[in-house]
Amino acid sequence: MTKKRILAAMSGGVDSSVAAVLLQRDGWEVIGISMDLYDYSKVTRDREGTCCSLDDLYDARRVCDTLGIPYYVLNLRDEFRREVIDPFVREYQAGRTPNPCILCNEHMKFRALLRKADELGAEGVATGHYAVIRREPDGRCRLFTSPDAGKDQSYFLYSLDSDRLRRIRFPVGEMMKEQVRKIALEAGLPVYEKRESQDICFVTDDSYTRFLESRGISEDRGRFVDREGNFLGNHKGILRYTVGQRKGLGIASKEPLYVVAIDAEKNEIVLGSDGETFSGGATVIAPTFVAGSPPGAEFRATARVRYHHPGAPCAVRATGDRLEVSFDTPQRSVTPGQALVLYDGDEVLGGGWIECAGASRS
């Protein structure tokens with residue numbers, strides 16, 4: 001019987017490597033593939049702890065050699081710049097705080113790689129994400145959190161709809177990290193002890209500011225103001241600040257001050273008290289839902305307003321191309337540019353991008 005073919009997206013890390021092992025054990029014809037996303041030829045610092053470097057591609061090739069599966073590298077640098085880096089720069093320039101990993105997942109891993117799967121006659125794509133896909137008898141696919149709460153990556157995957165989920169596999173999604181490392185060790189994989197990737201791959205010197213300046217974004221000094229517009233001091237450029245920030249403001253005050261808003265048009269940063277960092281709701285734009293549409297015009301959910309946010313019960317009103325979200329309890333640092341992801345228990349409903357925060361009801 002002919003084996004079913006699948007692409008294993010290989011990052012060079014332990015999770016994607018074990019995903020390839022499990023696919024092979026399940027009888028798939030596995031093709032390892034990595035994405036060449038960025039030119040690291042001029043990067044001199046240690047890249048350990050990041051992803052997508054030349055060392056990572058080398059590790060991925062070693063794993064594929066160990067497993068005896070073919071391995072290819074797909075040059076996606078132009079697409080990565082257009083779909084991930086350019087929007088990242090524009091968002092910062094507009095005074096928002098973007099999350100490029102969500103765009104990378106949507107446009108690179110689950111769009112570009114699915115196109116490549118079509119070219120190679122593969123059923124779909126598998127990755128090392130910690131999330132769970134459940135396939136219903138009627139053909140629908142639903143997305144759930146990983147049982148390893150500390151590693152769960154469902155937040156980054158909210159834009160995947162049921163049609164794409166049908167062609168995606170998360171072989172390690174229901175495992176704990178300790179299990180994954182054990183499988184890697186037993187399989188003789190050279191990456192079984194490799195560190196997690198945590199940094200944004202294209203910010204190569206740990207400085208968003210220097211990266212943005214290298215892309216032609218100037219650091220114009222401006223004013224710190226309060227909610228009433230009163231002058232509080234001078235800031236060093238809006239690229240250096242994000243909503244909720246307290247440290248590094250350089251403002252003398254009897255009470256601690258926090259960034260509560262950024263006005264890119266005026267080049268002003270609004271400072272306020274700790275209480276002013278809380279918001280009673282958020283307006284969300286460009287929403288998508290796993291099922292293809294929201295559960296209703298109005299519904300209840302739990303909202304995560306950033307990756308490590310524990311989630312907040314909320315009421316959601318869907319109005320065309322946006323969502324109005326009202327939290328039961330005001331939430332800290334609801335940041336324009338970040339994703340707001342909606343859950344029903346451990347099921348991902350969908351989400352979108354935070355356009356603005358609503359006023360605190362405290």
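Strand S2 (residues 29-36) and strand S3 pair in the parallel sense over 5 bridges, where strands are DSSP runs of E with at least two residues, numbered from the N terminus, and two strands pair if DSSP finds at least two bridges between them. The model is predicted, so local features need pLDDT of at least 70 and side-chain atom pairs count only at pLDDT 80 or more, while totals for chains, interfaces and linings use all residues. Residues are numbered from 1 along each chain as its sequence is written, and side-chain values use heavy atoms, with hydrogens and water left out.

**Parallel sheet**

- Within the pairing of S2 and S3, Met35 stands opposite Leu74 in S3.
- The order S3-S2-S1-S4-S7 describes an open sheet of 5 strands with parallel pairing.
- Its edge strands, each pairing on one side only, are S3 (71-75) and S7 (168-169).

**Mixed sheet**

- A further open sheet has 4 strands in the order S9-S8-S11-S10, and its pairing is mixed.
- At the edges of this sheet are S9 (231-235) and S10, each of which pairs on one side only.
- On average, neighbouring strands here are turned by 30° against each other, direction ignored; the axes are lines fitted to C-alpha atoms.
- S10 and S11 (residues 268-272) are joined in the antiparallel sense over 5 bridges, and Tyr258 has Gly272 in S11 as its bridge partner.

- Helices are DSSP runs of H or I with at least four residues.
- Helix H4 (residues 100-119) has 20 residues and should span 28 Å at 1.5 Å a residue, which agrees with the 27 Å between its end C-alpha atoms; the expected span is 1.5 Å times one less than the number of residues.
- After H4 comes Gly121, with a positive phi near 70°.
- Asn267 is not a glycine, yet its phi is positive at about 55°; Asn267 lies in the loop between S10 and S11.
- Ser333, also a residue other than glycine, has a positive phi near 55° and is placed in the loop between S15 (322-332) and S16 (339-344).

**Aromatic pairs**

- The structure holds 8 aromatic pairs, counted when ring centres of Phe, Tyr or Trp (its six-membered ring) lie within 6.5 Å; planes under 30 degrees apart are stacked, over 60 edge-to-face and the rest tilted.
- The pair of Tyr155 and Tyr307 is tilted, because the ring centres are 6.2 Å apart and the planes stand at 35°.
- Tyr155 is in the loop between S6 (141-145) and H5 (162-165) and Tyr307 in the loop between S13 (298-304) and S14 (312-319), so the pair ties together parts that are 152 residues apart in sequence.

**Pocket and cavity**

- On a 1 Å grid over the protein atoms alone, a cavity is a set of points where a 1.4 Å probe fits but cannot get out, and a pocket is an open set with protein on both sides within 12 Å along at least five of seven lines; lining residues have an atom within 4 Å of a point.
- The second largest pocket holds about 590 Å³ of space; of its 33 lining residues, Arg96, Pro336, Gly337, Ile354 and Glu355 are the closest to its centre.
- H3 (77-93), S10 (258-263), S12 (278-289) and S17 (347-357) each supply at least two residues of this pocket's lining.
- There is 1 cavity of 30 Å³ or more.
- The largest cavity, with about 30 Å³ of space, is lined by Tyr92, Gly95, Arg96, Thr97, Ile238, Tyr241 and Ile262.

Terms used: Grid points are joined across faces, edges and corners, and a volume is the space filled by probe spheres set on the points. Axes are lines fitted to C-alpha atoms, for helices over the stretch in contact, and angles run from 0 to 180 degrees between N-to-C directions.
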